[in-house]
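I open this notebook to record what I looked up in the structure. The entries follow the order in which I consulted it.

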Amino acid sequence: MATKTFLLPTLALFSLFFPLTVSIDFNYPAIFNFGDSNSDTGEFAAGLGVFLELPNGETYFKTPSGRFCDGRLIIDFFMDAMDKPFLNAYLDSVGLPSFRRGCNFAAAGSTILPATPTSVSPFSFGRQVAQFLRFKARVLELLSQTKKLKKYLPAEDNFGKALYMFDIGQNDLAGAFYSKSLDQILGSIPTILVEFETGIQKLYDQGARYFWVHNTGPLGCLPQNIARFGTDPSKLDGLGCVSSHNQAAKLFNLQLHALCKKLQGQYKDANVTYIDIFSLKSNLIADYSLYGFEQPIMACCGYGGPPLNYDSRISCGQTKILNGTLVTAKGCLDSTEHVSWDGIHYTEAANEYVSSQILTGKFSDPPFSDEMPFLLKLKFEK
């Protein structure tokens, strides 16, 4: 596969500067992540006994890794940049997983709002926070009993020094379009964010002080949503994306940004960083050819062929009988040419690009600053 170049130096100097707050660097002793499939490193697969088929995982892991991707996710590139091992999923107990550098509670299909009996995932944001609270209590209990487990568990003081990452909300919006009008969805955003704020407050009360919040991406540009809601050309924007979905994402992000600013003012001893994933991914889709991609919308792994190569009846890697014919949702020859992996998630190549741009600091509030530089190793090799 071709290697993409994003003009990244092997070694770069960055720092985080937070007005009116304590200064920090990027050398967190542990990372705790909460989210959906965009950052799920195996939670959904382990928790529900789901086995993802190849070609999922083929690019980097060479085997399915519990990730809905051909390789690494944004969270994986972050961990690599911080020279830390990939985060193990909280529920993945096989293989003696180490949680010394953190734990990942993100699960595919998860929402901020509490799960219902028909939800794809039972691991909503509140449930993930509850899992963390149990995780922390159990860690402290075990550490008080024996020193033998220190190499597998985070130290007690690391919980207050850790970075708490969040990438969730996409499913609250995208799922609502199947049963609600745009106005109803827009009206529900404050309720969704109250639930998010409640979870953040619980973590803060437990000593969390460093928060990293991703907004949601351009939902209307996902092949899944275009296939279902974009059959009428008048519903699409100039990029061929569903206008209503992107409108909902923009309003959600506007209010999420306001919440982050509020929290930063409320938690004087904390750092709350807001990351504009929407702009990053929109730029990638709009100017895909500048970054070496050839397909901004069409899924790499799917069924149906151009223009979307997506069929909701069959997922990436599956073989089924459709319309009397046995078919397989296969991967494309070169995933580095595609932004979309399976119609819902991004390829490793796209995740790599997004990660590299996040680490420039230009898409965050507060932005990164070079006034207090620290060494950050960028290891985005293929």
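Entry 1, helix packing. I take axes as lines fitted to C-alpha atoms, for helices over the stretch in contact, with angles running from 0 to 180 degrees between N-to-C directions. The model I am reading is predicted. I looked up helix 3 (residues 125–145) against helix 6 (residues 182–205) and found an angle of about 10°, with the axes 9 Å apart. On the side of helix 3, I noted Phe125, Val129 and Phe132 in the contact. Helix 6 contributes Glu195, Phe196, Gly199, Ile200, Lys202 and Leu203. By class, I recorded six nonpolar, one polar and two charged residues in this contact.

I noted ten helices and ten strands in the protein chain. Of its 382 residues, 55% count as buried. I found an accessible surface of about 16,600 Å², with 54% of that belonging to carbon and sulfur atoms. Among contacts with a separation of 6 or more, residues 24 or more positions apart account for 72%.

Which residues have the most contacts inside the largest nonpolar core? I found Phe32, Tyr164, Phe166, Phe196 and Phe211, in a core of 89 residues. Helix 6 supplies the largest share of this core, nine residues. I also noted a second, separate core of six residues, which includes Leu52, Phe68, Ala108 and Phe123. I then looked up Phe166 and, leaving aside its neighbours within four places in sequence, listed its contacts. They include Phe125, Phe196, Ile200 and Leu203, as well as Phe211, Trp212, Val213 and His214.

Is helix 9 (residues 277–286) largely enclosed or open? I found seven of its ten residues buried, so helix 9 is largely enclosed by the rest of the structure. The buried residues are Ile277, Phe278, Leu280, Lys281, Ser282, Leu284 and Ile285. For their cover I noted strand 5 (210–214), helix 8 (243–266), strand 6 (271–275) and helix 10 (348–358) among the elements included.

I located Leu48 in helix 1 (residues 43–48). Leaving aside its neighbours within four places in sequence, I found Leu48 in contact with Val120 and Pro122. I also recorded a C-alpha separation of 9.7 Å between Leu48 and Leu91, which are 43 residues apart along the chain.

Methods: Residues numbered from 1 in each chain as written. Predicted model: local features only at pLDDT ≥ 70, side-chain atom pairs only at ≥ 80, totals over all residues. Heavy atoms only, no water. Helix = DSSP H or I, 4+ residues; strand = E, 2+ residues; numbered from the N terminus. Contact = heavy atoms within 4.5 Å. Nonpolar A, V, L, I, M, F, W, Y, C, P; charged D, E, K, R; others polar. Buried < 20%, exposed > 50% of the residue type's maximum accessible area, 1.4 Å probe, protein only. Areas by Shrake-Rupley, 256 points an atom, 1.4 Å probe, with all protein chains shown as cover. Core = buried A, V, L, I, M, F, W, Y, C linked by side-chain atoms within 4.5 Å.
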